[in-house]
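Hi everyone, thanks for making time. I'd like to walk you through the side-chain contacts in one model, so let me put it up on the screen.

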Amino acid sequence: MAHSLSSAEFLIECRIADAARGDAAAAYELGVLFSTGAAGARLDLVAAHKWFNLASVWGSEAAQQCRSDIAEDMTAREIAEAQRQARAFLQASFASAA
């Protein structure tokens, strides 16, 4: 019997693929999903900060504000982890594009 993804997992996987191509809107949407737990996504402020950070790098002013807002509810260690994950994602995306 084949394993099927839930609609939330499918949505997240699709947005991650778009974000890997530098799509700021997809990264922003991932930030919203993880910061609110919308569409069945788990609430994860580290992941949300990571995606808002990437969307900000790619020009989203809305993501800059959202990143700032959620950072108020995070520890310095969580923010540092989110930044590390964002750098790792960028490096992996550039490596696969090369």
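**Rings first, then charges**

By a pair I mean rings of Phe, Tyr or Trp (its six-membered ring) with centres within 6.5 Å; planes under 30 degrees apart are stacked, over 60 edge-to-face, and the rest tilted. Take Y28 and F52: their ring centres are 5.6 Å apart and the planes sit at 55°, so we call that pair tilted. Y28 is in helix α2 and F52 in helix α3, 24 residues apart, which makes this a link between distant parts of the chain. Helices here are DSSP runs of H or I, at least four residues, numbered from the N terminus.

Buried or exposed, what is F52? It's buried, with a relative accessible area of 1%, while Y28 is partly exposed at 27%. The cut-offs: buried is under 20% relative accessible area, exposed is over 50%, partly exposed is in between, with a 1.4 Å probe and protein chains only.

Then there's W51 with F89: centres 4.8 Å apart, planes at 75°, so that one is edge-to-face. W51 belongs to helix α3 and F89 to helix α5, so the pair ties together parts 38 residues apart in sequence. Both W51 and F89 are buried.

Quick word on provenance. This is a predicted model: local features need pLDDT of at least 70, side-chain atom pairs count only at pLDDT 80 or more, and totals for chains, interfaces and linings use all residues. Residues are numbered from 1 along each chain as its sequence is written, and side-chain values use heavy atoms, with hydrogens and water left out.

On to charges. How many salt bridges does a search of the whole structure find? Five, where a salt bridge is a side-chain nitrogen of Lys or Arg within 4 Å of a carboxyl oxygen of Asp or Glu.

D18 and R15 are three residues apart in helix α1 (residues 7-19), so about one helical turn separates them. R15 is partly exposed at 22%, whereas R21 is exposed at 64%. Bring in E29 and you have a salt-bridge network of R15, D18, R21 and E29.

Over in helix α5 (residues 76-97), R84 and E81 are also three residues apart, about one helical turn, and their side chains meet in a salt bridge at 2.6 Å, N to O.

Terms used:
Helix = DSSP H or I, 4+ residues; strand = E, 2+ residues; numbered from the N terminus.
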